[in-house]
Amino acid sequence: MKNLMEHMGVEPGRLQFSWISSAEATKFVDVVKQVTEKVKELGPNEKFIKKTVKVA
Amino acid sequence: MMKIINIDKQKWAGGVESLSKSYRLFGPVKDVDCHNFKELKQGEQPDLSYGNTKLSPKSVVFPPSEAMFTYSLDESNPEHHILKDVPKDYSPRAVLGMRPCDAKAVSLVRMNFDTPEYRDPYWMDAYEATTFVGLACENPCASCFCTSTGCGPYNEEGLDVLLVDNGNAYIAKALTEKGEKLLASGGFTDAGDASAVDAKKAAAEAKITAKIETDKLSEKVIMDLYDAPFWHDVAFACINCCTCTYACPTCWCFDIQDENKGCEGVRMRNWDSCMTPLFTMHGSGHNPRDKKHQRVRQRFMHKLKYFVDKYQKGIMCVGCGRCVQQCPVNLDIRTVSKTMNDYVAKS
Amino acid sequence: MQNPYKAYPVRIDSIDVATEDKSLRTFTFVFLNPEDEQKFAYESGQFAELSIPGKGEIPIGIASSPTEKGFVRFTVFRTGLVTNHLHNMKVGDIMGVRGPLGHPYPLKDLEGKNIVIIGAGFAFTTLRSTIVYMLNPENRSRFGKIDVIYGARNPGMILYKDELTAWEQRDDINMHITVDGTDDPSWKYHTGFVPTITEKVAPQADDNTYAIMCGPPMMLKFTKPVLDKLGYKHENIILSLENRMKCGIGICGRCNIGKELICKDGPVFTLAQLKHMPEEDT
Amino acid sequence: MDAYITKIKAISERLLKDGTVEAVIGFREGTLPTMSEPCFIKRSDDVKDLVWNANCRINLANYLTNRKEKIAIVAKGCDSRNIVNHIIENKIKRDQLFIIGVPCKGMNDKDTGALQDNCATCTHRNPVIYDELAGDLVEEQTGVDKYADVKKVEAMTTDEKWAFFNNLYASCTRCYACRNACPLCYCPTCFVDESKPQWVGKGEDPIDVRTYHFLRAYHCAGRCTDCGSCEAACPQNIKVRQLTKKLEKDCAELFGWEAGLTLDKRPPLDTFSIDDPNDFIK
């Protein structure tokens, strides 16, 4: 999944996987922090925004 | 009165340049490996050396996706949920160098969009804004069969101007007032001579050897053809893609869809195709055409029988050969037409 | 000329649950611009596209009668994307109605004739419109005898109960109501399928008697032979059909049966016409 | 080729005559010099129509989905791999089939006449499963670089990749020929056709077009045999194999998997192994 997303031209880092048990609260916080930072760095994903239909 | 103008090829590009000041121009341009009709960019010239375009120029008046209305779903907007017209540009436009078969197709399709009861505003407004400049076909493809569809490489129906390539010049026949106006605004004013046209026309027609057999279709009974046993065999190879219907200059079916983005949305129409099961699927899930042979039958019956009976204007096919060439599994309308034409119901 | 794709804006004025299982609701709409009501002049048997911006459109038969002024009414079965959304809307919501579309029942040609109306299930809506129209004091004298055969799955699925009861009381219309089956001991009408009841109660055919039918395919299929048996000519049997539609005005190309477009050339056809049209299901 | 045709005809005739199968799926001559048409032959008299040539591009496994009768099918290497897929995915039973294997030296591109891209790097020209062969096995290609074009894209920057695929799909009309020619794409309702919910817009917007191609490719992960049916079917000559090939490459590198080679192993995406690569999980 990740490979093909990146292959297609989506920035690495937009899709991240993590395995966290419900008992691993600290890990969860850390991962969320990391993901947020990474995505903030990338900025908003404008590639997937549809432009309004052109006037014909 | 038909005016004949001589256009020296040296002056053609300059004329196109002048036309672009008063028209939005559409013409054949080379994509990666084929030609297609596109809106010409500033300074861009149509490439009139093309054989045939992959897609027909029907998109000039009937875009694959077209906005019809916009609306707001935001209840704080006093006009929420009320359809608003979309601003449209119906300033004069011109198609340069379309094939006579595609032009005839436009006039056939017009019968669908302009009826005594209803006038489709989008198609008709675009149509009326357009001047159709044809280019007679000198080198038809092997799969062309226009001469047996009531059309031909020099056919004038549906055109405002017909250009005939005559070596160093184009012989331009202005067929309508619209056509005359276009020629004038391109600065094409040299009087011409059409005497060479008939011989060239005969030569071009002689090059077309492929035929479609349709002479007995109108006498057939709809129910006989509908219940004929050959449809399963005809349809077997079909993969039910929309290639034939999208490539076809005479196919006009469309779907209407609402697309929302946040609280704003647009009601749009998109090309649709009788080849897909979704085309006729009822809200309840019932589908009167859920089997492949039913859909294939619909397509051919529509083109070769229903249309024939409904309008008495011949078949809904101009012989451009696109569906024959592009079909991934070689379903050939000429073969099917022959099968239908030859069919005699057992009594 | 008016854009035929543009719906008249309407406000939902009332919503009534029409059947016990709540699968049908009756919506009454009021035009936001009063002059649109004039433009929407319709006849019984026509339909309209109910247009919900953001969701889409659905073709629905008009259940109100042209004699009922100030509103337009539709009874809608909950089935697809748009109808599901419609069932969740509330009084006061704004949407659109586009039409009227299609040919009505040919009531003008039926003046002076006896009429048998045969309906079943939720296809009774345009028939309700027809009955209300004919029973209008100004119109009643223009028609001969009126018989109505109406069937539903069970008593809870009967539409327009109050009106049916009121019509029962009248002597200028013969009501024959039936249900497929019921365990309600107080049920005082017929029990049995529509074709069976039709055979029992429908008047014998003569040139002056016409049948108008609307209902599910199975009911139509089995009622046709009954009418044949009673001697009804196929020219005298009028049916209303339906199909998937988008434009409703004969342009988008999907609703055809043979060369006829259900939306524009129909939805009303005589059985004689249908004999020349393929049954799309084969 | 002629020897193949004679053999295919002889086998088919025998099977139909002795009742081993009810029908044969093969190719018959097309109406264009570069085309052959898939056909379904039920009578031994019609066996004469069967042909075999370098225009038999469409994967015939596509026509097997959910068939109930006993069938003989003409299968080149890739067709046979998709038959294996079909059997594994319960779309057809092995004992329903009589596979007429055709060793293959590649199909020609319908426009250029050159060997198709996927055939040029094919390493399974011989059928992997068959009941009888129509000719002697051919030598398999070795040492070909199957993924040269994928590697080229892999070397691009993110933005270059995005632009590359935008460009690639620019002429797509969403005719769905690629999906419909694909033997893997047999879902009763494809995700692009779903309305509740609607996953993808229906217009020509590049984002919707890309979403369609991208999601379709995923559904082929670990199943695609790179038969090239999609690319041969595309009327716009779009190189639609780019995404599926990337997945094929990943499957080979990560799981050592090539689709459709054996009936005895489950595909990597429906099994779990403790050794599955999991570096992407943090």
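**Domains of chain D**

I began with chain D of this predicted model and looked up how far apart its two domain centres sit: 24 Å separate the centres of domain 1 and domain 2 of chain D, taken over C-alpha atoms. Domain 1 covers 2-133 and domain 2 covers 148-269; these bounds come from an automatic or database domain assignment.

Next I checked how the two domains of chain D meet. The contact takes 21 residues from domain 1 and 19 residues from domain 2 (two residues are in contact if their C-beta atoms, placed from the backbone, lie within 7 Å). On the domain 1 side, helix H2 (77-88) and helix H3 (117-120) of chain D are the elements that give two or more residues. H2(D) gives the most, with 8 residues. I noted that helices (H or I, at least four residues) and strands (E, at least two) are DSSP runs, numbered from the N terminus. By class, I found 8 nonpolar, 8 polar and 5 charged residues on that side of domain 1 of chain D. For the classes, Ala, Val, Leu, Ile, Met, Phe, Trp, Tyr, Cys and Pro count as nonpolar, Asp, Glu, Lys and Arg as charged, and the others, Gly among them, as polar.

**A note on reading the model**

I keep in mind that residues are numbered from 1 along each chain as its sequence is written, and that chains are lettered from A and ligands numbered from 1 in the order in which they are written. In this predicted model, local features need pLDDT of at least 70 and side-chain atom pairs count only at pLDDT 80 or more, while totals for chains, interfaces and linings use all residues.

**Which chains touch**

Which pair of chains has the most contacts? Among the 5 pairs that touch, I found that it is chains B and C. Chain A and chain C share no contact, and their closest C-alpha atoms lie 15 Å apart.

Between chains B and C, 39 residues of chain B are in contact with 37 residues of chain C. On the chain B side, E10(B) gives the most, with 5 residues. I sorted that side by class and got 20 nonpolar, 10 polar and 9 charged residues.

**Chain B by itself**

I listed 11 helices and 11 strands in chain B. Its radius of gyration, taken over C-alpha atoms, is 22 Å, close to the 20 Å that the globule rule gives for 347 residues, so chain B is as compact as a globular protein of that length. The rule is 2.2 Å times the number of residues to the power 0.38. Buried residues make up 51% of chain B (buried means 20 or more other C-beta atoms within 10 Å of a residue's own, with C-beta atoms placed from the backbone).

I then followed one sheet: 4 strands of chain B form an open, antiparallel sheet in the order E5-E4-E11-E10. Strands count as paired if DSSP finds at least two bridges between them. E4(B) and E11(B) are joined by 7 bridges, and B:Phe69 has B:Arg267 as its bridge partner in E11(B).

**One helix of chain C**

Last, I looked up helix H6 (residues 194-201) of chain C, whose buried residues are C:Val194, C:Pro195, C:Ile197 and C:Thr198. They cover an arc of only 165° around the axis, which puts them on the same side of H6(C); the arc is that of the directions from the helix axis to the C-beta atoms. Among what covers them I found strand E7 (114-120) and helix H7 (217-230) of chain C.

Technical notes: Buried ≥ 20, exposed ≤ 12 C-beta atoms within 10 Å, placed from the backbone.
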